[in-house]
Amino acid sequence: MQRFILKCLVILLVVFLPIGVVSARQQSGLEKELAADISDHRLDDFSLIQAAFILSGATEEDSLKYYENWYNRLVETISRFNLDDFDRIGSAGKVFSYLHSTWLRKYKEKATTLIDVVREKRFNCVAGTILYNLVCNDLDMPTEAFETPTHTYTIFPNFTEQITVENTSPMGFNIMKNLREYSRYLLRFYPQKQALHVGLDRIYAYENSKGREINNTELLGLLAYNRAYFAVQKKDYETAYHFVRLAQSFNKDSRSNVNFEIGLYYRWGKKLFNEKKFSRAFWIFADAYSRYWENKDFAYNCKSSFFGALRTNWARKDWQSSNKMTAKMLDLDLLEDQDLGRLQNILQSWGKYFYQLKMRRESKDVLVYLDRIDPGSPQTNAFRKAVENLK
């Protein structure tokens, strides 16, 4: 058996979700509906607040209704504050102050959901930013967020001046007034050694150079990532992978979760490979390589899993699985000349097998791949003529 590469990566940002994890095979109806709705990277059937509470763990209709009513009452209460349309910055500041005086009371890094806010008034940057953004949005003050490798905060794209809101501190409204102090504040979210390497007064600039603006739909993806984090702590890699795929439907390029994703691909793929579940391992590493094509380990592990699966499938005569994986592998364009020669021999064995059984359609499937590997090959042309004569 070929050697298998596994490299441990440091996860820079780990945020835990303090609610139970539902196995990927035991999703509620709401979770399935939400996954289907966001599969095209947009929400049509669910509102942002509904999606936020489902991702927070409100997976039954009655609990979702309860939390949705809580949110609607909150927005209605704030709407009575006589917010001034001509002083949007002041109005946004009033909303921020009210939330921090009533619901965003106890900062705790591991409190990651809106349910934590409702039940215990606990929050972190994800929960605080989501609640503030959605409330402001529903009060006709459009919001976005900025996601960096270690943090998330609110921005107002339509204000006349740049307003940055740090949602983890009651003093965080319009934090850009004192950029140096804010840069130092960000140290609490940053690994110490890396902070020293960057420079204490350059953290904000460095973080922003690595971050990007995200809309509120993308922001909700961070809740799904947090479900994945919690599942990993339980070593439930299958459920973690399920939530990562769901998170990617919300946020295709989450800057704060790159290292977590890579680490999960290694762990889950290696576990499947060691259990000789080569086909499943292949699809994990194929997904990993598609996202992180520069990662040579994913390329190698993808090929190792692929050929392991082909051996198993041949023994079981499972052409359906081999057919799908071969198409994917050739699309990935990962195979070198030696690998292609090896695959060609395997496909020729399948071709002989199908020809002997007079299985014309399957034989033609094999021919498609042989033509992709070595167009115009005399051996392939001879096989083609033989298949054409099958009756």
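The following conversation goes through a predicted model of one protein.

Biologist: Before we start, how are residues numbered?
Modeller: Numbering starts from 1 along each chain as its sequence is written, and side-chain values use heavy atoms, with hydrogens and water left out. As this is a predicted model, local features need pLDDT of at least 70 and side-chain atom pairs count only at pLDDT 80 or more, while totals for chains, interfaces and linings use all residues.

Biologist: How many helices and strands are there?
Modeller: The protein has 18 helices and six strands. These are DSSP runs numbered from the N terminus, with helices being H or I of at least four residues and strands being E of at least two.

Biologist: What percentage of the residues is buried?
Modeller: Of the 391 residues, 53% count as buried. Buried means under 20% relative accessible area, exposed means over 50%, and partly exposed is in between (1.4 Å probe, protein chains only).

Biologist: And the accessible surface, what does that come to?
Modeller: The accessible surface is about 19100 Å², and 48% of that belongs to carbon and sulfur atoms. Such areas come from the Shrake-Rupley method with a 1.4 Å probe; for residues, only the protein chains shown count as cover.

Biologist: Which residues have the most contacts inside the largest nonpolar core?
Modeller: They are Phe53, Val95, Leu131 and Tyr132, in a core of 110 residues. Helix α10, residues 216-233, gives the most to this core, with 10 residues. A nonpolar core here is a set of buried Ala, Val, Leu, Ile, Met, Phe, Trp, Tyr and Cys residues joined through side-chain atoms within 4.5 Å.

Biologist: What is Val95 in contact with?
Modeller: Leaving aside neighbours within four places in sequence, Val95 is in contact with Ile78, Leu83, Tyr132, Val135, Cys136, Leu139 and Met141. Contact means heavy atoms within 4.5 Å.

Biologist: Which residues of α10 and α11 meet?
Modeller: On the α10 side they include Leu220, Ala224, Tyr225 and Ala228, and on the α11 side they include Tyr237, Phe243, Val244 and Phe250. By class, this contact has 13 nonpolar, four polar and two charged residues. Ala, Val, Leu, Ile, Met, Phe, Trp, Tyr, Cys and Pro count as nonpolar, Asp, Glu, Lys and Arg as charged, and the others, Gly among them, as polar.

Biologist: Is Phe250 buried or exposed?
Modeller: Phe250, in helix α11, is buried, with a relative accessible area of 3%. Beyond its neighbours within four places in sequence, Phe250 is in contact with Leu34, Ile38, Leu43, Leu55, Thr217, Glu218, Leu220 and Gly221. Phe250 and Thr217 are 33 residues apart in sequence, and their C-alpha atoms are 6.1 Å apart in space.

Biologist: Changing topic: what is the phi of Asp140?
Modeller: Asp140 has a positive phi of about 65 degrees although it is not a glycine. Asp140 lies in the loop between α6 (125-138) and β3 (144-147), and counts as exposed at 65% relative accessibility.

Biologist: And what about the phi of Asn174?
Modeller: Phi of Asn174 is also positive, near 55 degrees, in a residue other than glycine. Asn174 is in the loop between β5 (164-165) and α7 (179-185), and is buried, with a relative accessible area of 8%.
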